[in-house]
Each structure stands twice: as structure tokens, then as C-alpha cells.
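Please walk through this structure with the text below as a guide. Keep the sequence at hand as you read.

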Amino acid sequence: MKKYILTLFIAVFYLPAYCQSNSAEKVYTIEAGKIKAHVQPTMYGIFFEDINMGADGGVYAELVKNRSFEFKEPLMAWNELKQDGANGSILILNRGAVNPDNPKFIHVTSRSVKGYGLSNEGFHGMGIKKDDQYNFSVLAKQAMGSNVSLQIELINSKGEVIGSTSVTPSSKEWRKYAASFTAKETEPKASLKVLLKGAGSIDLDMVSLFPQDTWKQRPGGLRADLVQKLADMKPGFLRFPGGCIVEGRELDTRYQWKKTIGDVANRRMIINRWNTEFAHRPAPDYYQSFGLGFLEYFEIAEDIGASPLPIINCGMACQFNTCELVPVNQLGPYVQDALDLIEFANGSIHTKWGKKRAGLGHPAPFNLKMLGVGNEQWGEQYIERYKIFEKAIHAKYPQIKLVSSLGPFPGGDIFNFANETFRKLKASILDEHYYASPKWFLQNVKRYDNYDRNGPKIFAGEYAAQSVSTGSPENKNNWECAMAEAAFMTGLERNADVVSMASYAPLFANVEGWQWTPDLIWFDNLRSYGTPNYYVQQLYSLNKGTDVVPLTLNNETVTGQDGCFGTAALDMHTHELIIKMVNTGKEEQSADFVVNGIKMGSTGTMTLLQSDDLTSVNSLDKPLTVSPLKSEILFNDNHVKLRLKPYSFSVIRVKMAD
Ligand code: AHR
């Protein structure tokens, strides 16, 4: 009797635990013949915003900070030089009446034969590479009676010259002068000297230094290593230019695309809203030169095969800040900007804006298909304005799909109101944002399971797991967060009939100039690295497949049983089955995958992203601590036995036999 009671006790209290034992092999079934959903080619994309010195001081390769003296402090980043007792003066002049887009310039007078001038500190220094060519340029105007030339020197952190050239401005009118030179040394923290040779005065503006070696070698272009990291993700879309940047802290500082195209000297520089946003991360030197402007955004998207998704201001400044609104009867110019943008992207060269695009060197259209109306807007005011944009845009361009914002949070009153309203309006694409804990990501893997299959598509436009809390400067791009995102993304893929696009946020961060963490890719002046989160995004994008098929355990979707999350898809282009499994538990799991419906080949690959330590991060010095490792696996008679390592994300690819 005693023995019976003991056995019963064990059965009741310990059997469930035994059944869940991680050593017990789980049999996962894949019904490869039953297609559940098509995966959009746009599914995994990227979201670029000029935050964390992502553009100026980041991917835009300009090395001179405040090149046009348009910062609020016109000489910020510049230092007066008086070498060997030289003397002179620097005046700030303003020609706003004749040049409103670039009003300020400097009038430099040297009273010595040499040694007077100024130096620029760059963006936390300038990253210079040995033997690379550097292109200096300046707008200059000799003063009456002057004939000074400019000695240009790159200086390393020891104060030595590591590259030099000179230019001799010849005109008494504004002209551009340029010269190139080769750097003798690699230096992460160089500065640039501009010294006057000869006594006299000269006016200077747009003092610029670029590496020759930019992305696709474009003059005045983008940092090749950073764009390469984007290209390596093969993103389906590029959402740009923000983010709150689009809205502006106030309407005056909103993003206006027309002011970001054409000659860089005429792209009016404005403050970056992240300059002042976080009291704990002030960035007084953060401005937007718009050297990376709308043409460049469209070009990068084209280069890396991503569908462009521009976001336009809808007459609302950031609702976390001033909430300034344009009265609805005065929205005309804002709506016109949207219409003109579509024409700029897609119009023939015989249209006004298509001709403009062609004049900028891109006669072929950019094939714009989507446009975001507002960033993280909410409330009645948004809906009121959105409707006006929607009517005007669809009257002229019915084929353009509009992205509507569901606000900054994934639930609550703001979200529910927008969600219900846009569904009634039969909106095309709803943009949801979630910055939340890793736990939230695991718990929300079924978020889309019950969404209306016939309603609007979902764009997970901004998301990232926060290791501490949203906005905390202590947030880390650690493996716990990346793994939680990988687990959550099984839910995106499983629901690919509803979720058509997804992008991590933010994209870039300068290790010395960031405001927001976590971020996908970090960099300094010479180096960059992908975070564990980057590799998660990349693995999803490179292995997205074309058609989702059921992956089940005991007839249930794999959504956290014993800490495991999974999804499966076919890739009809490569004729492969792709299985993604995330084991968020600390124990290894034995798994037998049985494939029904399609005859599988016998060999495949498994790409593993794993760390035993949930706090693991990558860094500039150790960029590959958490990075993918590929190995061969064997399929036997349509099944494969795998050991899913603790804290791991595995991507399995195997060819179909027939
Ligand atoms: O990604 C950082 C910010 O987060 C974006 O600018 C904004 O859209 C969101 O609130």
C-alpha cells in the first residue's frame, strides 16, 4: 500500500517534470506539402534613421564636422590655429539674404606669412587609412588684394602630419577648389588643418574631406564598410529617413525631402532632434547636413536590392515633444510634398520631378511602391490628416500602398483606437512598434496567430528587445535579447500571410556618439561590427524562404514548449526546406524532425547562433563572439535528428530530392 502511494505521488508530482525532461527526444513534424502562407520578398528589411550619429558622423563619409559653419555655434568643431606665433582673425559672416540655404561662412585673415588658420576635429576625430586617397574641397573667395593659398594637413594624434596638399583659390568670386592626397598612416583620431599661406584674407565655406574609397566609389558618398553590412543582410526593404526625425521636435525641424537633394552646399543644415532629446545623452554637435539625402537613400535601396519605403511628415511634429499640428486647411504643401515625392521616385523624365531626378544623374525610376504617412502618430488628429493624404495620393497614384502608424506602443488605448480605425478604413499596411523586454518577445510569439487574415498587412516597423528598459542607456545588445527576437520572429514568419514586413530599430550607432541603445550595428571611425541581433536579422533575411509550411510538436505550433520556438518554410527558388529553431532553455534538446509530403535529399546545413552566456555581446575588438557557425547535417529517409544547443538559434537548410 505504502509503495502504491509512493508510486502515485511520484506519478502525480514528478511525471509531468519527467515528461518535459529535455533529454527526451521530441518529434517535430513538418508538413512540407501543405503551404500555409507566402513569404513576401520584402519580409525582412532595415529601418534607417539619423540617430546615434548614423548619418553625419556615420554612414555619410564626410570627415569634417560643421563644414558649412551652420551649427548654432558657427565655430563648433573648429579651433583657431596660431602656429609659431602667427596671428590673424576669423569672422563669421552671414549672407542669408542672398543664400538662405547656406548663409554662414568664415572670413579668415592672416597677418603672418604662415601658421595662421584653423583645424577641424571631425566626428570624434577622423578615421584615416594608410595609402587611401582623400579628397579635399572648399568653397573659397579671395578678398580684394589678397592672394593667399591654403595648406591642408591631416594630423595624427601625436601631432604629426600624415597627409597634406594645398589649393590656391584664384577668384574673387565663390568657386569650388579641390585637391587629393594619400594618407601615410592609419589613424582613428586625425584632425584637419587649414592654414593660410601668405598674408591676406579669404572667405571659406563647405570645407570638406572625403575618402576616395566610398561605397561604389561615389564621390562625396557613403562609408563602404557600413553599407556593405546592410548589403550583407540582403534586406527586402529600406524604411527611411525615420523615425522621429521625420516629425521633428517642432514642425520647423521636420524632415523635408526637397531640401535634401541637389548640390550639397544648398542642402540646408538643421539641428538633429537627437541633439537635445535625452538629457542623459546630450549631443550638442549633432546636426543634419543632409549629405545623405533622398536621392542617396533611393540609390542605396536600389544598390542593395531593397524596396524603398520613405516616410513623410503628415503635418504633425513629434507627439512626444511639441505635438505641433498643421491646421487641416493648410496641409496643402505637405500633401504636395508627398505627391511630388512619388513623381520624383517614379515619374518619367518628362515630368517636373522625374526630370529633376534625371538631372541628378538617375533617369531610371526607382519603382516606389509604398509610402509611410507619418511616423509614430496617434489620435484623432492623425486620422484626420491621414485621410487627407490618402485621398490625394490615391486619387493620383492608386497603386501606391500607404503605411499607417499604430503609434509607439503595441497595445493600449492609442494602439486600439488606431487599429480599429484603420481597419474600418481598409488601410493597406499597419505599422506596429514594440520596444519591450526579452520576456515580452517570448510571450508574444502568438501575437499574430489570430489576426484577421483578410485585413490589412502588418509591418513590424520598429522593434528591439530591451535588456533593461526602453530608453535606458544601460541596454545591451546581448544574446538574451537577440535570442528573444529570434524566437519572436518565428511568430512573424509563421504568420507571413498577415505580417508582410519587419525591421529592427535603430540601425546604426557610433560608439562615441550614440543617444539610444540597443542598436543593430555599432561603429567607430574605422571599424564596425554586427551585434548578435544583427546576425539574427541576417539569418532570417538570408533564409526567409518563399512559402511557410506547418511545423508542429504533438499537433501544436512550436511556440515555447520547453523553451523551443520554431518555424519552417520552403524556398521554391533554391528548392530547399528551411527550418528555424530557437531553444531558449539552458538545457540541450534532442529533436527529431520528420518531413512529410515532399521527398528530401540526404545532406543539408545547419547554421548555429549560440552562446552559453545570455549576457554575451559583440564588440569592436571581438566582433564575432556571437556569430553564425555553419556545419553539415545528414537527413535519413526524410528525417533528421538534431541536438538543439542551449540558448541557440539554428537554421537548417536541406534540398528537396524531387
Ligand atoms: O528608434 C528610435 C525611435 O523610436 C524612433 O525615432 C521612433 O520612431 C521610436 O519612438
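Keep in mind that the model is predicted.

Start with the sheet that contains β9. Five strands make up this open sheet, in the order β5-β6-β14-β9-β12, and their pairing is antiparallel. The edges belong to β5 (88–94) and β12 (175–182). Each of these has a single partner strand, so one side of each is left without a neighbour in the sheet. From one strand to the next, the twist averages 35°. Inside the sheet, look at β9 (residues 133–142) and β14 (residues 200–211). These two strands run antiparallel and are joined by eight bridges. In general, strands of a sheet pair through backbone hydrogen bonds, either parallel or antiparallel.

Now turn to another sheet. It is open and has five strands, ordered β29-β28-β1-β33-β36, with mixed pairing. Its edge strands are β29 (556–557) and β36 (639–644), and each pairs on one side only. Strand β1 (residues 26–31) pairs with strand β28 (residues 551–553) in the antiparallel sense, over three bridges. Here Tyr28 faces its opposite number, Leu553 in β28.

The largest pocket holds about 790 Å³ of space. Its lining counts 38 residues, and Tyr60, Lys176, Pro219, Gly220 and Val264 lie nearest its centre. Strands β9, β12 and β14 each give two or more residues to this lining, as does helix α4 (294–303). By class, the lining has 17 nonpolar, eleven polar and ten charged residues.

The second largest pocket has a volume of about 420 Å³. It is lined by 19 residues, with Thr42, Ser307, Lys369, Met370 and Met501 closest to its centre. The elements that give two or more residues here are α4, β18 (307–312) and β23 (499–504). Of these, α4 supplies the largest share, three residues. The lining of this second largest pocket splits into nine nonpolar, six polar and four charged residues.

For Asn375, a polar side-chain atom lies 2.9 Å from an oxygen atom of the ligand. For Tyr435, an N or O atom in the side chain is 2.8 Å from a ligand oxygen atom. For Glu462, the distance between a side-chain N or O atom and an oxygen atom of the ligand is 2.8 Å.

Residues lining the largest cavity include Arg254, Trp257, Phe294, Asn313, Tyr334 and Asp337. At least two lining residues come from each of β18 and α5 (332–346). Helix α5 gives the most, with three residues. Seven nonpolar, two polar and two charged residues make up the lining of this largest cavity.

The second largest cavity contains about 80 Å³ of space. Thirteen residues line it, and Asp56, Asn66, Phe123, Met269 and Ser289 lie nearest its centre. The lining of this second largest cavity has five nonpolar, three polar and five charged residues.

Conventions
Residues numbered from 1 in each chain as written. Predicted model: local features only at pLDDT ≥ 70, side-chain atom pairs only at ≥ 80, totals over all residues. Heavy atoms only, no water. Pairing = 2+ DSSP bridges. Helix = DSSP H or I, 4+ residues; strand = E, 2+ residues; numbered from the N terminus. Axes fitted to C-alpha atoms, helices over the stretch in contact; angles between N-to-C directions. 1 Å grid on protein atoms, 1.4 Å probe; cavity = no way out; pocket = protein on both sides within 12 Å on 5 of 7 lines; lining within 4 Å. Points joined across faces, edges and corners; volume = space filled by probe spheres on them. Nonpolar A, V, L, I, M, F, W, Y, C, P; charged D, E, K, R; others polar. Polar contact = N/O pair within 3.5 Å; in protein donor to acceptor, adjacent residues only side chain to side chain.
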